[in-house]
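Good morning, colleagues. Please look at the sequence and the structure on the screen while I take you through a few selected features.

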Amino acid sequence: MMKTLPDNVAHYKSTAVFTEHTVPGALQRNHNTAAGVWGRITILEGALLYHISEPERETIRLTPEQPGIVEPRVLHEVEVIGPVRFQVDFHR
């Protein structure tokens with residue numbers, strides 16, 4: 001089940017809007033955020049697969065109605081499965 005952002009975090013920056021052609025390779029390989037940093041993957045159009053590697057492996061299909069929440073220090077990656085436009089918002 002997708003997590004939610006804690007009430008005590010505030011947005012501090014956003015990425016550019018990525019497409020299936022411009023998504024950085026680093027996002028498509030296992031990576032994590034810094035301690036205390038949460039992410040929210042917002043799908044503007046299309047869909048992505050969000051793979052969480054720990055504490056248990058989980059895959060969630062992200063859509064405009066189903067954003068992805070990235071917990072601090074948790075390994076994850078995204079997988080392009082077709083046309084998509086998305087952005088990542090960071091909170092701490």
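**Aromatic rings, core and loops**

I begin with a charge and a ring: the charged end of Arg92 lies over the ring of Tyr12, 3.7 Å from the ring centre. Please keep in mind that this is a predicted model. There is a further arrangement of this kind, in which the charged end of Lys13 sits over the ring of Phe90, at 5.4 Å from its centre.

Let me now turn to the overall fold. Along the principal axes, its C-alpha atoms fill a box of roughly 35 × 25 × 25 Å. For 92 residues, a compact globule would have a radius of gyration near 12 Å, and the protein chain agrees with this because its own value is 12 Å. Among contacts with a separation of 6 or more, 78% are between residues 24 or more positions apart.

Next, the surface and the interior. The protein chain exposes about 5,300 Å², of which carbon and sulfur atoms supply 51%. Of its 92 residues, 38% are buried.

Which residues touch the most other members of the largest nonpolar core? They are Ile41, Ile43, Leu48, Tyr50, Leu62 and Phe86, in a core of 21 residues. At least two residues of this core come from each of strand S3 (38-52), strand S4 (58-62), strand S5 (68-70) and S6. The largest share, 6 residues, is supplied by S3.

Ile43 deserves a separate word. Apart from its neighbours within four places in sequence, Ile43 is in contact with Leu48, Leu62, Thr63, Pro64, Val84, Arg85 and Phe86. Thr63, from that list, is located in the loop between S4 and S5. Is Thr63 buried or exposed? Its relative accessibility is 12%, and the cut-off for a buried residue is under 20%, so Thr63 counts as buried. Not counting residues up to four places away in sequence, Thr63 touches Ile43, Gly46 and Ala47.

I return to the aromatic rings. How many aromatic pairs does a search of the whole structure find? The search finds 1. This pair is formed by Phe18 and Phe86, whose ring centres are 5.5 Å apart and whose planes stand at 55°. Planes under 30 degrees apart would count as stacked and those over 60 as edge-to-face, so an angle between these limits is called tilted. The pair of Phe18 and Phe86 is therefore tilted. The two partners belong to distant parts of the chain: Phe18 is in strand S2 (residues 18-19) and Phe86 in strand S6 (residues 76-91), 68 residues apart. Phe18 counts as buried at 13% relative accessibility, and Phe86 is buried with a relative accessible area of 1%.

Finally, two points about the backbone in the loops. Glu54 and Pro55 are joined by a cis peptide bond, with omega about -5°. Pro55 lies in the loop between S3 and S4. Where is Arg73 placed? Arg73 is in the loop between S5 and S6. Although Arg73 is not a glycine, it has a positive phi of about 65°. With a relative accessible area of 48%, Arg73 is partly exposed.

Thank you for your attention.

How values were computed: Residues numbered from 1 in each chain as written. Predicted model: local features only at pLDDT ≥ 70, side-chain atom pairs only at ≥ 80, totals over all residues. Heavy atoms only, no water. Phe/Tyr/Trp six-rings, centres within 6.5 Å; stacked < 30°, edge-to-face > 60°. Helix = DSSP H or I, 4+ residues; strand = E, 2+ residues; numbered from the N terminus. Buried < 20%, exposed > 50% of the residue type's maximum accessible area, 1.4 Å probe, protein only. Lys NZ or Arg CZ within 6 Å of the ring centre and 35° of its normal. Rg over C-alpha atoms; globule rule 2.2 N^0.38 Å. Contact = heavy atoms within 4.5 Å. Areas by Shrake-Rupley, 256 points an atom, 1.4 Å probe, with all protein chains shown as cover. Core = buried A, V, L, I, M, F, W, Y, C linked by side-chain atoms within 4.5 Å.
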